[in-house]
Amino acid sequence: YQYRFTEDARDQLKRFVNDNILKCSIDLHSTTNFEEGIQFAENCVAFPDLLLLVENFNEDKRIYPCHLAILRRANYFRMMFSLPMEEKATYQEYKDFKDSRRLPLISLPSCDFEVAEIILRYLYHDSSEIPWQYAIDVLLMADFLLEDRMKSMAAVVMTQSKDFLEKHSIFDILYVAWETKMERLEQFAAKVIAFDLKNYTK
């Protein structure tokens, strides 16, 4: 019974995220007024208490209506709103003067929108689905957010997906392992190289 209840609750949360957060995101094109976009996001059915701004590598921008209680699952955001930082002060001002203040706006480093949405699904309903095409970018973003568990999930995809291993060289894995301090990936790369040392020393 407990398992069924948990799974039903997770399914409801998945639908909520898909219908009221991801589908309610606002693309800020050159013809879109920034203030209009924020106002639309503020009034969406998700009842957000902050907005997440994501800019991809083509400099397109998208706003996601979000909830601090969920984003705080990531250590980076927990620290942001726990320590005496500008974002914490802005959020407190919003809570104190809701009628006259815009929702706080925070951002992620530049990334594909798909990567941002993988992160949001993970934070909201613990989704572990990481398409191999985005595994490296998710690993790098998880490292930025100080999320070791998600780093491990991305690393598993990188080492077990045949498509990923056909697309990327072992040195791609090694470089990102060093950058993110992922010992699991370092050991995997070392094992692959050791088994085919003759080929890698040509």
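## Exposure and the model

A residue is called buried when its relative accessible area is under 20%, exposed when that area is over 50%, and partly exposed in between. R73, with a relative accessible area of 34%, is therefore partly exposed. The structure described here is a predicted model.

## R73, Y122 and D126

R73 takes part in two contacts treated here. Its charged end sits over the ring of Y122, at 5.6 Å from the ring centre. R73 also forms a salt bridge with D126, in which the closest N and O atoms are 3.4 Å apart. This pair links distant parts of the chain, since the two residues are 53 residues apart. R73 belongs to the loop between helix 3 (68–71) and helix 4, and D126 to the loop between helix 6 and helix 7 (135–144).

D126 has a relative accessible area of 24% and so counts as partly exposed. D126 follows helix 6 and has a positive phi, near 60°.

## Helix 6

Helix 6 covers residues 113–125, 13 residues in total. From its first C-alpha to its last it reaches 18 Å, close to the 18 Å expected at 1.5 Å a residue.

The buried residues include F113, I118, L120, Y124 and H125. E117 and Y122 are also among them.

## Other salt bridges

The structure holds 8 salt bridges. One of them joins D19 and K23, with the closest N and O atoms 3.7 Å apart. D19 is partly exposed because its relative accessibility is 39%, whereas K23, at 60%, counts as exposed.

A salt bridge also connects K151 and D148, whose closest N and O atoms are 4.0 Å apart. The two residues lie 3 residues apart in helix 8 (residues 148–160), so about one helical turn separates them. K151 has a relative accessibility of 6% and counts as buried, while D148, at 53%, counts as exposed.

## Aromatic pairs

A search of the whole structure finds 3 aromatic pairs. Y76 and F77 form an edge-to-face pair, with 5.3 Å from centre to centre and 70° between the planes. Y76 is partly exposed, its relative accessible area being 25%, but F77 is buried, at 2%. Together with F144, Y76 and F77 form one aromatic cluster.

Y175 and W178 form a tilted pair, 5.9 Å centre to centre and with 50° between the planes. They are 3 residues apart in helix 10 (residues 170–180), so the separation is about one helical turn. Y175 is exposed, with a relative accessible area of 52%, and W178 is partly exposed, with a relative accessibility of 49%.

## Nonpolar surface patch

M79, L83, M85 and L146 make a nonpolar surface patch of about 330 Å². M79 lies in helix 4, which spans residues 75–80. Its relative accessibility is 42%, so M79 counts as partly exposed.

Note on methods. Residues numbered from 1 in each chain as written. Predicted model: local features only at pLDDT ≥ 70, side-chain atom pairs only at ≥ 80, totals over all residues. Heavy atoms only, no water. Phe/Tyr/Trp six-rings, centres within 6.5 Å; stacked < 30°, edge-to-face > 60°. Buried < 20%, exposed > 50% of the residue type's maximum accessible area, 1.4 Å probe, protein only. Helix = DSSP H or I, 4+ residues; strand = E, 2+ residues; numbered from the N terminus. Lys NZ or Arg CZ within 6 Å of the ring centre and 35° of its normal. Patch = residues over 30% accessible without salt bridge, like charges linked within 9 Å, V, L, I, M, F, W, Y side chains within 5 Å. Areas by Shrake-Rupley, 256 points an atom, 1.4 Å probe, with all protein chains shown as cover. Salt bridge = Lys/Arg side-chain N within 4 Å of Asp/Glu carboxyl O. Expected span 1.5 Å × (residues − 1).
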